Amino acid sequence: MATTTTTSQKIDKALEILKAQDWYWCMSDYTHPAYDYACGSMRAFVELVATINDSAIVKALRDLWTATYNYVHATMWGSNDKAKAEFEATKTALMAVIKPTAYAQAA
């Protein structure tokens with residue numbers, strides 16, 4: 001019997017991939033396997049998100065990936081309170097689209 005993955009399960013898996021992404025792989029000077037792992041997890045994220053049938057959620061997940069990338073690189077060499085505040089606001093807004101029930105209960 002085949003199992004069907006729900007949208008919620010896909011979202012949870014995408015968020016796991018995002019959380020586990022090695023944002024500092026560039027520090028490896030493009031050596032393997034760090035480069036391969038980073039590219040592989042990014043590819044897995046893109047492919048998984050593309051299977052979600054809700055365009056608003058797909059856009060929000062992609063935007064969250066980009067926002068996370070920008071935040072990590074803005075704070076790579078030290079703290080950046082402005083970047084942190086912008087990221088937290090963006091993340092909150094995007095998560096309200098991605099998982100509206102969870103964020104409605106938290107509010």
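I will take confidence, fold, core, pocket and one alanine in turn.

Ground rules. This is a predicted model, where local features need pLDDT of at least 70 and side-chain atom pairs count only at pLDDT 80 or more, while totals for chains, interfaces and linings use all residues. Numbering runs from 1 along each chain as its sequence is written, and side-chain values use heavy atoms, with hydrogens and water left out.

Confidence. pLDDT is the predictor's confidence in each residue, from 0 to 100. The protein chain averages 88, and 87% of the residues score at least 70. Helix H4 has the highest mean among the elements, 97. Helix H5, residues 100-106, has the lowest, 67. Where pLDDT is low, the predicted coordinates should not be read in detail.

Fold. The protein chain has 5 helices and 0 strands. Both are DSSP runs numbered from the N terminus: helices are H or I with at least four residues, strands E with at least two. Contact means heavy atoms within 4.5 Å. Of contacts with a separation of 6 or more, 63% join residues 24 or more positions apart.

Buried means under 20% relative accessible area, exposed over 50%, partly exposed in between, with a 1.4 Å probe and protein chains only. Of the 107 residues, 29% count as buried. A nonpolar core is a set of buried Ala, Val, Leu, Ile, Met, Phe, Trp, Tyr and Cys residues joined through side-chain atoms within 4.5 Å. The largest one has 20 residues, and Ile11, Leu15, Phe45 and Ile98 are among those touching the most other members. H1, H2, H3 and H4 each supply at least two residues of this core. H3 gives the most, with 7 residues. What does isoleucine 98 touch, not counting residues up to four places away in sequence? Ile11, Ile57, Ala60, Leu61 and Leu64.

Pocket. On a 1 Å grid over the protein atoms alone, a pocket is an open set of points where a 1.4 Å probe fits, with protein on both sides within 12 Å along at least five of seven lines; lining residues have an atom within 4 Å of a point. The largest pocket is lined by 10 residues, with Leu15, Leu18, Lys19, Leu64 and Lys91 nearest its centre. H1, H3 and H4 each supply at least two lining residues.

Last, alanine 34. Alanine 34 sits in helix H2. Its relative accessible area is 22%, so alanine 34 counts as partly exposed. Its C-alpha atom is 9.1 Å from that of tyrosine 24, 10 residues apart along the chain.
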